[in-house]
Amino acid sequence: MLTKASSSLKSNFAAGHRPAQRWSAGVQSLPRDTRDTLFLLAVIGWVVVMQVAHIPWWCSVLTAGVLVWRARLALRNQPLPGWRLRLGLLVVTLVATWFTHQTLLGRDAGVTLVVVLLALKTLELRARRDAFVIFFLAFFALLTHFFYSQSLLTAAGILIALLGLLTALVNAHLPVGRPPLMQSARTAGGMALLGAPIMLVLFLLFPRMAPLWGLPDDGMTGRSGLSNTMKVGEIAKLVLDDRTALRVRFEGRPPPQAQLYFRGPVLSDFDGVEWRPLRSGFPAQMALPANLQVAGEPVRYQITMEPNQRPWLLMLEATLEAPRLPSGEARMTADLQWRTDRPVSERLRFDAVSYPQFRHGPAEQVVGLQDHLELPPGYNPRTLALAQDLRREFGAGPQNAPALVDAVMNRLRTGGYSYTLDPGVYGANTADEFWFDRREGFCEHIASSFVILMRAMDIPARIVTGYQGGELNGVDGYWTVRQRDAHAWTEVWLQGQGWVRVDPTSAVAPGRTGSLERLSAPEGLFAGAVRTLNPTLAAQLRDLWEAVNSGWDQWVLNYTQGQQLNLLKNLGFSAPSWTDLAYVLIGVVVLVSLAGAAWTLWERQQHDPWLRLLRRTAARLRRLGLTDHETLTPRGLAQRVRQHWGDTAFAYNLSDWLLRLEAQRYARNSPLTLATLQAEYQQLGWPREPKR
């Protein structure tokens, strides 16, 4: 049987009012304990919902079931389950966590346990002490969201949950009765606003330290992105990754989109399946020199790289001078890849200068070029035969290499080859399958097959990986390069020219490197609906959101140790250190504490102007000789005045004024105002105070 409160809730919901009114009436009819419990469960549900993408499916189902069960018990005013059942659920949770994560320790297993334990704790919510445990466990669960994301959207969701938990915490401290939740929410919001300056000071000055957890190893298998190796043919379907890899802001006019090649690892060793960076067998003195020569106008830009746990700097081809980094140094390898002395584990922003017109590598044949002709024996026999046919047709030797490159590019344009993200799994002879059988693939198939054919024709060639293209955000002027823009192109060595970029994918799918047919990840239901109704609005909304999110990244997430020391430089420190930072932090804390103490003293003096006026009157009467009235009410004080001064005009006026002061405070719908009484106070004809 439902309790009277639950029946009242149902009857209110069945009434013929609007949904919002029915919901409000139903909530108001609940007992306070039931209402507060349901509100707390709703806040916990919001905390858990934000973790659904990072916890096992059984954890989401179990947590949702426990919260719904607890809400049902609250509505029906039924007793909570015993300790045996709760212990059984705990054992099931531990076993399931072990089978899922193969451990009970670590980040993922720990988050799973915290979420379930938070839900299970609601099954023993009997006293205020239990509620406080739930509050602080929920606060801890909020922090775990930052293990997976520090985005603006995550921060907004956490702020909502924080205000909800503060509201529940304030409500638990209110006296008995039925204080409205809105009153608790206003108090919680005020507390959050008062704490905001302290949070800002700690954010700016508290020493930045490395996080206590590492970034997850997400793996790039089956997802677009950049890696230091490239396995050809093992991925049957490429899933586009829409995450941001880097953001670029150019000074002046940016280069055409087809020239936006951000250089990453260069791959030269091939074992038939996987391409890797060069491991030469020649002595170091025979290694190929960079010989970078630039021409034309430089392109100046600011680049912001997302953490990738790799020591790579993704910059436009080609960069002559090392950029100045907030920490660490950068160096350029002989194959024009820029690297740092440590992995990029946090968001990195720096300025760079690149030259789209450049030449590099040896102009004449040297021994080191032999590394870029090597092919594993026993692979791709039909591709080797095709190379011999092309050499017989166009000629062999370095002088005929440009004609051979043009012939292969023309074959890609006219041979029925296509660009696809779903080519299926290739066999051992990947180049043979691409050139003669499938005739389709994504950039890794095309680039690998092209380099194999070049080497088979005795033309040195290698694969260059990185990112190509990007999208211009019309709101903030940044170019956004995503993981789906990861690309593989090639370089061939031509006598007299050195290494020359050749992008065979542009011959198969020109739109891949242009601005008309950029790759894009599948849209969600809402985004697809908005784009269908108004494509322009959808693009504008996305640009606006990315601009706001970029500002969050630049000014909040990118506030690093270097930024803190730069702040001290702006404050006048010539060579700031962590000691100076500690001194500044301590000084600010002392000043804020003094300001808080002064504000508290001032508030205490300003507290309750009615009571302050009454105390002022009592103090003046004490100086006139009326004693023993510290605890009297205005009415009692009026009686003492008449007893002391008798039937005088002053006694009559003052006692009447005290009675009206009492009425202003306690009478219902009193027309008197405190300002009027304060003005009359000065006109009461006070006697002269005796000299001391």
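## A buried serine

In which helix does Ser-184 lie? In this model, which is predicted, Ser-184 belongs to helix H9, the run that covers residues 181–205. Ser-184 counts as buried, because its relative accessibility is 0% and the cut-off for buried is under 20%. Once its neighbours within four places in sequence are left aside, the residues in contact with Ser-184 are Thr-167, Val-170, Asn-171 and Leu-174.

Met-457 is placed in the loop that runs between helix H13 (443–456) and strand S16 (461–468). Is Met-457 buried or exposed? With a relative accessible area of 2%, Met-457 is buried. Not counting residues up to four places away in sequence, Met-457 touches Ala-387, Leu-390, Arg-391, Leu-404 and Val-408. Leu-386 lies 71 residues from Met-457 along the chain, and the C-alpha atoms of these two residues are separated by 9.1 Å.

Lys-691 is found in the segment after helix H22 (674–681), and with a relative accessibility of 84% Lys-691 counts as exposed. Between Lys-691 and Arg-623 there are 68 residues of separation in sequence, while from C-alpha to C-alpha the two are 9.7 Å apart in space.

## The pairing of H4 and H5

Helix H4 (residues 57–76) and helix H5 (residues 83–101) have axes that come within 11 Å of each other and cross at roughly 165 degrees. That angle makes H4 roughly antiparallel to H5, since the cut-off for this class is over 145 degrees. The crossing of H4 and H5 is left-handed.

Which residues make the contact between the two helices? From H4 come Trp-58, Leu-62 and Trp-69, and from H5 come Leu-85, Leu-89, Thr-93, Ala-96, Thr-97 and Thr-100. By type, the residues of the contact of H4 with H5 divide into six nonpolar and three polar, with no charged residue.

## Backbone features in loops

Most residues other than glycine have a negative phi, and most peptide bonds are trans.

Ala-318 is located in the loop between strand S9 (315–316) and strand S10 (330–332).

Asn-291 has a positive phi, near 45 degrees, although this residue is not glycine. Asn-291 sits in the loop between strand S5 (274–276) and strand S6 (293–295), and its relative accessible area of 40% makes Asn-291 partly exposed. Arg-439, again a residue other than glycine, has a positive phi near 60 degrees. The loop that holds Arg-439 runs between helix H12 (430–438) and strand S15 (440–441), and Arg-439 is partly exposed, with a relative accessible area of 26%.

## The chain as a whole

How many helices and strands does the protein chain contain? There are 22 helices and 20 strands in the chain. The protein chain has 692 residues, and buried residues make up 42% of them.

When contacts in the protein chain with a separation of 6 or more are considered, residues 24 or more positions apart account for 70% of them.

Technical notes: Residues numbered from 1 in each chain as written. Predicted model: local features only at pLDDT ≥ 70, side-chain atom pairs only at ≥ 80, totals over all residues. Heavy atoms only, no water. Axes fitted to C-alpha atoms, helices over the stretch in contact; angles between N-to-C directions. Helix = DSSP H or I, 4+ residues; strand = E, 2+ residues; numbered from the N terminus. Parallel < 35°, antiparallel > 145°, perpendicular 65-115°, else oblique. Left-handed = near helix turned anticlockwise from the far one by under 90°. Contact = heavy atoms within 4.5 Å. Nonpolar A, V, L, I, M, F, W, Y, C, P; charged D, E, K, R; others polar. Buried < 20%, exposed > 50% of the residue type's maximum accessible area, 1.4 Å probe, protein only.
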